[in-house]
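Here is a structure to explore by question and answer. Look at it first, then read on.

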Amino acid sequence: MKKIAILAGDGIGPEVIAEAVKALQAVDKKYGIGFVLEHELIGACAIDATGDPLPAATVERCQNSDAVLLGAVGHPRFDGDPAAKVRPEQGLLKIRKTLGLYANIRPIKSYKSLYKVSPLKESLIADVDFVVFRELTGGIYFGEKGRRNGGSEAFDICTYSVGEVERIARLAFAAAQNRRGHLTLVDKANVLETSRLWREIVSKTSNDFPNVKFDSMFVDNAAMKIVQQPAFFDVILTENMFGDILTDEASAITGSIGMLPSSSVGSKVALFEPIHGSFPEGAGKGIANPMATILSAAMMLEYLGYPEAAQEVRAAVELALEKGVTTGEINSNNAASTSEVGDFIANSISIKNNKKSF
Ligand code: IPM
Ligand code: MG
């Protein structure tokens, strides 16, 4: 039995989660994992129901689960109100911090059947396969913030400790060792003291991984390189906010931010979520691409010790892409709905099941 806490969240969150659940159920039938899926609130929907973007019941459920699958968090009602004291995103940041999820792992991969929807030339994206290790529980996101001088000045402080840098550096180097053996630290060490600490610690850590080629790059230069020569990268290691920005940029290589999954790890329980937001304009219309969430579920299967099942889910997603069963941002002429994409993927997993058992 595997207990999964499902936090569908806001906007398109519940729709994309529903499709990932279909894929998990299809997999469960074959592998007899015995998933127990338990839904809890996070974000704007949690504020509406309880006044708190991360109710205690949600934290408790996550802590007592084998993994967490999350949809999306955020609502424009709060974005337009700078004075709002409670915000949906606080729930997301707090669950990351509370569960100790200091490493957010975001694979960036190009799919052959999507080359034509990428804004980049095919020759540039053909060999793109890199992974970003984004620090997730430190930096400017979590530093002291506030207003001073009667509110006429605002500040957000960026802080990192040696320990915070070292633990994610080790994970990223270990990953690079199992990939193409190349790690690029992205920072702004020509300006920021925190970045100079990152350089110092990461280059020290690199001595323990002699098989990994280590280099570093300023974030502005890396932003350019990601579109100029994305195949240069194997593992990118970076701090919280740079990782947030660069992964949205990198998603454009794939052709759609609706394709990119992520896992967040660190302590006992891991969390899996698409990198996209809650896309409130698209909510309830059946137009959201569920693939990033389904691929996040695949990462979760891998983490739970079912690599074959994970591979089956990925293959089903690739089949949907090949057959053109995709949502409108990829395929505007003949778009499938969110649930049609999810049904196709779940069915192709089930069909494979039958073939295997006969
Ligand atoms: C992400 C998102 C979040 C972040 C927001 C919703 C707080 O953009 O997961 O990338 O900035 O971490
Ligand atoms: Mg982001």
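This is a predicted model: local features need pLDDT of at least 70, side-chain atom pairs count only at pLDDT 80 or more; totals for chains, interfaces and linings use all residues.

**Questions and answers**

Q: Is Asn 149 buried or exposed?
A: Buried means under 20% relative accessible area, exposed over 50%, and partly exposed in between (1.4 Å probe, protein chains only). Asn 149 has 52% relative accessibility, so this residue counts as exposed.

Q: Where does Asn 149 lie?
A: Helices (H or I, at least four residues) and strands (E, at least two) are DSSP runs, numbered from the N terminus. Asn 149 lies between two strands, in the loop between E6 (145-148) and E7 (153-156).

Q: What is phi of Asn 149?
A: Most residues other than glycine have a negative phi. Asn 149 is not a glycine, yet its phi is positive, near 50 degrees.

Q: Is Glu 273 buried or exposed?
A: Glu 273 lies in the loop between strand E12 (270-272) and helix H11 (291-303). Its relative accessibility is 4%, so Glu 273 counts as buried.

Q: Which side chain makes a polar contact with the side chain of Glu 273?
A: A polar contact is a pair of N or O atoms within 3.5 Å; within protein, one must be able to donate a hydrogen and the other to accept it, and residues adjacent in sequence count only if both atoms are side-chain atoms. For Glu 273 the distance is 3.1 Å, and the partner is Arg 96.

Q: How far is an oxygen atom of ligand 1 from an N or O atom in the side chain of Arg 96?
A: Arg 96 is one of the residues around ligand 1 (a heavy atom within 4 Å). An oxygen atom of the ligand and an N or O atom of the Arg 96 side chain are separated by 2.7 Å.

Q: Which helix gives the most to the shell around ligand 1?
A: The shell includes Glu 89, Leu 92 and Arg 96. The helix gives three residues and spans residues 88-98; it is H5.

Q: Is Asn 240 buried or exposed?
A: Asn 240 belongs to helix H10 (residues 240-254). Its relative accessible area is 0%, so Asn 240 is buried.

Q: Which residue has the backbone oxygen that the side chain of Asn 240 reaches?
A: Asn 240 is in contact (heavy atoms within 4.5 Å) with residues including Arg 134 and Tyr 141, leaving aside its neighbours within four places in sequence. The side chain of Asn 240 reaches a backbone oxygen at 3.4 Å, that of Leu 136.

Q: What separates the C-alpha atoms of Lys 285 and Val 191?
A: Lys 285 is found in the loop between E12 and H11. At 55% relative accessibility, Lys 285 counts as exposed. Lys 285 and Val 191 are 94 residues apart along the chain, and their C-alpha atoms are separated by 45 Å.

Conventions:
Residues are numbered from 1 along each chain as its sequence is written. Chains are lettered from A and ligands numbered from 1 in the order in which they are written. Side-chain values use heavy atoms; hydrogens and water are left out.
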